[in-house]
Amino acid sequence: MNPYQQYMYSYPHKTAYRPLSGVSLKEYAPLFAGKGHGLYLHIPFCQEKCGYCNLFSVTGQGKEAIGRYLDAVERQCAQYGELLAPYAAEFSEFVIGGGTPLLPDEGQIERMFACIKQYFCLEKDREIVIETAPNQTNRKKLEILSREGVTRVSMGIQSFSDEELSVLGRRHGARQAKEALELIRAYGFPCVNVDFIYGIPGQTARSLLASLKTALTFAPDEIFLYPLYVKHGVWLERAGVAPDKEAAYLQYREASSFLRGEGFRQDSMRRFVRQGKERGFSECGMGTSLALGCGGRSYVGNLHFCSPYAITGKECLKRLEEYENTVDFTDIRHGILLSEEEIKRRYLIRHLLIYPGVDIQKYEKHFKTGLMEDFPVLQEWMEQGFIRWKEDGKEGMQEGEKFLALTQTGLGLSDYLGPQLISDEIRKAMEEWEEMHGQPYDII
């Protein structure tokens, strides 16, 4: 069994999206009425592409290029803001992702926040989340984040071993990462998260644990552990790097056990949260989220949309140019319209793979059908020890609640179990994309 098939962070994957015509965001605007929506701003610029990265990002772009991009973002904000105004939309979460969101200079970062505040309404107790990297973290930029009320800062460290960072093609070293993390901590952000990668060629369980022990000296609130995927179009693929999946799985088991022993609750295969810092959970897969910029995707009812999937620098630059030349951002040209079956699958995937699991009563209320009847494979997984029932007010649940959740073994196999829930129709669309691009986009 290969435990690393695919990271199911969302469903369906962008490779299943296709060109759309006759679809306008105007038809879906009423779904943004009132509170509780998500807002995402994508900053696709990086100093350099990491060896494993297949995210939408471009390198070698200076201040002028970033300025042109922000001009387009502001036009999009203005159009979306006008469209949503009649519905009094309020956003409970604002996320700035990348790329590297702190690569722009201080004035451009201030412009990002000003643009959002001008055209959108954030709820009073909103979450503001931003990603950063060690080389782009300095006092002036952190002062802006603090002033703007950022509640969560996430930094990709990946390793405190210079040798392992070199293998990954990271531009920072262990010293810079420690200095940046210490600086972030000094500003007192409510939540600080750090990311690490395991399965790096030459890495051992011992060296991974050494990185995690170093991280704990900075008292992070959350730690994410990512297995190394070498995906189509990335530098490590061209270099012929092939992670050892068996070694990676053993490293995961050592690291997850260590973090749980250090007082972290494991919320998913990747996410570990320090006890006392747990946050409430909202339903995934049923909400509305609006993306700004090129590369992020929006979820609005049964409509998911974004720019066409791109990995290489040439492809990303093409999409970036198309975005900057867009006249009407409410005209949706690429995405997918989900059937009721696909919405069920998305709901299951988005809940089963994270804490606390699938609330059976809510599933039946949404879909008027039974979860186990809709997905017979779940009974097989229960017999194999991958999932279990949680009920009767235990484990922090309310009395009478009944959840279907992954076992500890199941958590570690999330990237094996999740892909089995992909429908035949979506899998066919993904395979068609793979054929057009020569080979699968995920290789491990």
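Select Ser414 to begin: setting aside residues within four places in sequence, Ser414 is in contact with Met269, Leu353, Leu406 and Pro419. What you have open is a predicted model. Colour by secondary structure and you will find Ser414 in helix α15, residues 414–417. Is Ser414 buried or exposed? Ser414 counts as buried, because its relative accessibility is 3% and the cut-off for buried is under 20%. Now show the side chain. It reaches the backbone oxygen of Leu411 at 2.8 Å. Pro3 and Ser414 are 411 residues apart in sequence, yet 7.6 Å separates their C-alpha atoms in space.

**Next stop: Thr407**

Step back along the chain to Thr407. Thr407 sits in the loop between β19 (402–406) and α14 (408–412). Its relative accessible area is 13%, so Thr407 is buried. Which residues does Thr407 touch, not counting those up to four places away in sequence? They are Gly385, Phe386, Ile387 and Arg388. Zoom in on Gly385. Its backbone oxygen is reached by the side chain of Thr407 at 2.7 Å.

**Across to Arg260**

Select helix α8, residues 245–261, and pick out Arg260 within it. With residues up to four places away in sequence left out, Arg260 touches Gln266 and Gln408. Draw the distance to Gln266. Then pick Arg274, 14 residues from Arg260 along the chain. The C-alpha atoms of Arg260 and Arg274 are separated by 9.0 Å.

Go to Val241. Val241 is found in the loop between α7 (235–238) and α8. Val241 is partly exposed, with a relative accessible area of 23%. Show what surrounds Val241. Not counting residues up to four places away in sequence, Val241 touches Pro201, Val230 and Leu236. Now set a distance from Val241 to Gly261. They are 20 residues apart along the chain, and their C-alpha atoms are separated by 33 Å.

Select His334, which has its place in strand β16. His334 counts as buried, because its relative accessibility is 13%. Show the contacts of His334, leaving out residues up to four places away in sequence. One stretch to select is Tyr17, Arg18, Pro19 and Leu20, which are among the residues His334 touches. Another is His304, Phe305, Cys306, Ser307 and Pro308, also touched by His334.

The largest share, four residues, comes from β16. Colour the lining by residue class: ten are nonpolar, eight polar and six charged.

**Into the core**

Phe120 and Leu378 have the most contacts inside the largest nonpolar core, which has 119 residues. Helix α1, residues 63–84, supplies the largest share of this core, with nine residues. Another core lies apart from it, with ten residues, among them Cys50, Cys53, Leu168 and Leu228. Nonpolar side chains tend to be buried together in soluble globular proteins.

Return to Phe120 and list its contacts, leaving aside neighbours within four places in sequence. Phe120 is in contact with Leu39, Cys77, Tyr80, Gly81, Leu84, Phe91, Leu290 and Leu292.

**Last stop: the cavity**

How many cavities of 30 Å³ or more are there? The count comes to one. The largest cavity has a volume of about 60 Å³. To find it, select Leu41, Leu70, Val73, Glu74, Arg111, Met112 and Cys115, which line it. Helices α1 and α2 (106–119) each supply at least two residues of this lining. By class, the lining of the largest cavity has five nonpolar residues, no polar ones and two charged.

Key: Residues numbered from 1 in each chain as written. Predicted model: local features only at pLDDT ≥ 70, side-chain atom pairs only at ≥ 80, totals over all residues. Heavy atoms only, no water. Core = buried A, V, L, I, M, F, W, Y, C linked by side-chain atoms within 4.5 Å. Buried < 20%, exposed > 50% of the residue type's maximum accessible area, 1.4 Å probe, protein only. Contact = heavy atoms within 4.5 Å. 1 Å grid on protein atoms, 1.4 Å probe; cavity = no way out; pocket = protein on both sides within 12 Å on 5 of 7 lines; lining within 4 Å. Points joined across faces, edges and corners; volume = space filled by probe spheres on them. Nonpolar A, V, L, I, M, F, W, Y, C, P; charged D, E, K, R; others polar. Polar contact = N/O pair within 3.5 Å; in protein donor to acceptor, adjacent residues only side chain to side chain.
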